[in-house]
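Dear colleague,

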Amino acid sequence: MSDRKSNASVESLNDQLLLQQLINTYHWRADQFDWEGWAATFTEDSVFEFVGGFGTMTGRQQIHDTCKGNMDHVYEVMQHVIVNLDFELTGTDTATGHGNLLFSALPDASKPTRYYQSGGRYEWQFRRTAQGWRIAHTRLQFLWNNGLDQDAVFESRD
């Protein structure tokens, strides 16, 4: 393999790992209710389509404010499990990806048997910025839930 091809392969693998790390940070920050750190995973002009949830949000600040405003007062504990991640580099500074989400949350941490649980699918578009890879577009659609406290958070805003 030529050095050029080898370097391109290494760079591609590195970008894939950086994208995975970005998505892990995105979910970890949400689980910690660190909305500032969570919002920093988006580009300033990011669009977030939350199908059947909060609707379409445009810009990092609106995404932050909407999600924080709808989640902080409802759950004391959240756990996002993201699986089946797949990323594709579409250009030097652009990429797409998707993954499956399993979401569990406790409205009251002292009652761990009373929980909300759901599953959905993410689709992302990423852009490399001066701060590294960031989420430029998100589409999240939940496919199922256990029905507990569904309306407390995920009322459709569309």
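**Surroundings of Gln 141**

Apart from neighbours within four places in sequence, Gln 141 has Val 51, Gly 120 and Arg 121 in contact, where contact means heavy atoms within 4.5 Å. Please note that this is a predicted model, in which local features need pLDDT of at least 70, side-chain atom pairs count only at pLDDT 80 or more, and totals for chains, interfaces and linings use all residues. Residues are numbered from 1 along each chain as its sequence is written, and side-chain values use heavy atoms, with hydrogens and water left out.

Gln 141 lies in strand S6; helices (H or I, at least four residues) and strands (E, at least two) are DSSP runs, numbered from the N terminus. With a relative accessible area of 29%, Gln 141 is partly exposed; buried means under 20% relative accessible area, exposed over 50%, and partly exposed in between (1.4 Å probe, protein chains only). Its side chain makes a polar contact of 3.3 Å with the side chain of Arg 139. Such a contact is a pair of N or O atoms within 3.5 Å; within protein, one must be able to donate a hydrogen and the other to accept it, and residues adjacent in sequence count only if both atoms are side-chain atoms. Between Gln 141 and Glu 49 there are 92 residues in sequence, yet their C-alpha atoms are 8.3 Å apart.

**Aromatic pairs**

Rings of Phe, Tyr and Trp (its six-membered ring) pair if their centres lie within 6.5 Å; planes under 30 degrees apart count as stacked, over 60 as edge-to-face and the rest as tilted. By this rule there are 16 aromatic pairs. One of them, Phe 42 with Phe 48, is tilted, at 6.0 Å centre to centre and 50° between the planes. Phe 42 is buried at 0% relative accessible area, and Phe 48 is buried at 2%.

Phe 87 and Phe 126 have ring centres 5.7 Å apart and planes at 65°, so this pair is edge-to-face. The pair joins distant parts of the chain, since Phe 87 is in strand S3 (residues 77-89) and Phe 126 in strand S5 (residues 116-129), 39 residues apart. Phe 87 is buried at 8% relative accessibility, as is Phe 126 at 3%.

**Nonpolar core**

The largest nonpolar core has 33 residues, and those with the most contacts inside it include Phe 48 and Phe 126. A core of this kind is a set of buried Ala, Val, Leu, Ile, Met, Phe, Trp, Tyr and Cys residues joined through side-chain atoms within 4.5 Å. Its largest share, 5 residues, comes from H1.

Yours sincerely
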